[in-house]
Amino acid sequence: VSTPSSQDNNEITLKAHSRDAAYQALFNAWKITYDSKDGRTACEQAQAQNLLCHEGKGDIETLRVINKPALLKLIDAQGKDYYVALTSLQENNATFTMNGSTQSGDINQLLLRWQGDYELLWRLPGEYEDKLKPGGHGPFVMWLDRQLAIIDGKKPRSKPRNVYDDEMVKKVKEFQSAAGLKPDGIVDPTTVGLMIMKTGGEGPVLDYKKGAG
């Protein structure tokens with residue numbers, strides 16, 4: 001992995017447009033379309049194609065756990081932002097795309113320029129409408145009940161719960177804690193995404209050995 005020289009005017013220009021190129025690579029990984037000339041933001045374009053754009057801050061272990069392609073914001077020696085799309089990560093061997101050019105190398109070289117900011121795309125279940133809080137009810141609670149059963153290694157109930165009761169909240173908090181999330185019992189997109197990964201969710205992955213999409 002080589003760090004682009006900020007003294008080269010051409011490289012500075014490339015960095016200025018690197019976010020669009022990174023989005024393009026990230027969307028390609030999900031087999032959806034990104035158009036830099038579209039009036040909508042990348043997240044709005046993703047939502048129109050049934051995906052959710054999620055921004056977060058973490059470390060390399062966060063990305064390994066989530067196991068999804070990610071757009072990473074890097075910072076050059078002059079403090080300028082530029083972006084890459086990380087599409088594969090097996091142990092320390094990373095594959096990433098910058099400005100349309102795909103490269104491979106040691107992830108630790110990228111980490112020298114990364115301060116933890118990332119963006120991901122999720123495909124949420126059709127039942128999901130909003131963050132689920134204790135006492136909530138509806139089809140998404142039934143989906144959640146099935147996921148919790150699978151995570152516990154049990155056969156899902158023939159008639160899943162449709163109320164997010166204390167027992168389910170306790171199980172969600174345990175899952176969040178084990179996953180390194182804040183154990184607040186609120187089922188937000190990150191919690192849902194990690195559950196999908198745990199139960200064999202769909203979509204592209206960084207490390208195919210940890211789960212195929």
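Modeller: Buried means under 20% relative accessible area, exposed over 50%, and partly exposed in between, using a 1.4 Å probe and protein chains only. This is a predicted model: local features need pLDDT of at least 70 and side-chain atom pairs count only at pLDDT 80 or more, while totals for chains, interfaces and linings use all residues. Residues are numbered from 1 along each chain as its sequence is written, and side-chain values use heavy atoms, with hydrogens and water left out.

Colleague: OK. Which residues of α6 are buried?

Modeller: F140, V141, W143, L144, D145, Q147, L148 and A149. Helices (H or I, at least four residues) and strands (E, at least two) are DSSP runs, numbered from the N terminus.

Colleague: And how far does α6 reach?

Modeller: From first C-alpha to last, the 13 residues of α6 reach 19 Å, close to the 18 Å expected at 1.5 Å a residue. The expected span is 1.5 Å times one less than the number of residues. After α6 comes G153, with a positive phi near 75°.

Colleague: What about G138, buried or exposed?

Modeller: G138 is buried, at a relative accessible area of 17%. G138 sits in the loop between β6 (114-122) and α6 (139-151). Its C-alpha is 6.8 Å from that of V163, 25 residues away along the chain.

Colleague: Now α7. Which residues are buried there?

Modeller: In α7, M168, V169, V172, F175 and Q176 are buried. They lie on the same side of α7, because they cover an arc of only 125° around the axis. That arc is taken from the directions from the helix axis to the C-beta atoms. D166, K170 and A178, on the other side of α7, are exposed.

Colleague: Switching to the sheet. What is the strand order?

Modeller: The order is β1-β6-β2-β3-β4-β5, an open sheet of six strands with antiparallel pairing. Two strands pair if DSSP finds at least two bridges between them.

Colleague: Which strands stand at the edges?

Modeller: β1 (52-57) and β5 (101-106) do; each has a single partner strand, so one side of each lacks a neighbour in the sheet.

Colleague: How many bridges join β2 to β3?

Modeller: Six bridges join β2 (residues 70-75) to β3 (residues 81-90), and the two run antiparallel. L74, for example, has Y82 in β3 as its bridge partner.

Colleague: Which helix packs on the sheet?

Modeller: Helix α2 (residues 18-29) does, touching β2, β3, β4 (93-98) and β6, where contact means heavy atoms within 4.5 Å. The direction of α2 makes about 25° with that of β3. Axes are lines fitted to C-alpha atoms, for helices over the stretch in contact, and angles run from 0 to 180 degrees between N-to-C directions.
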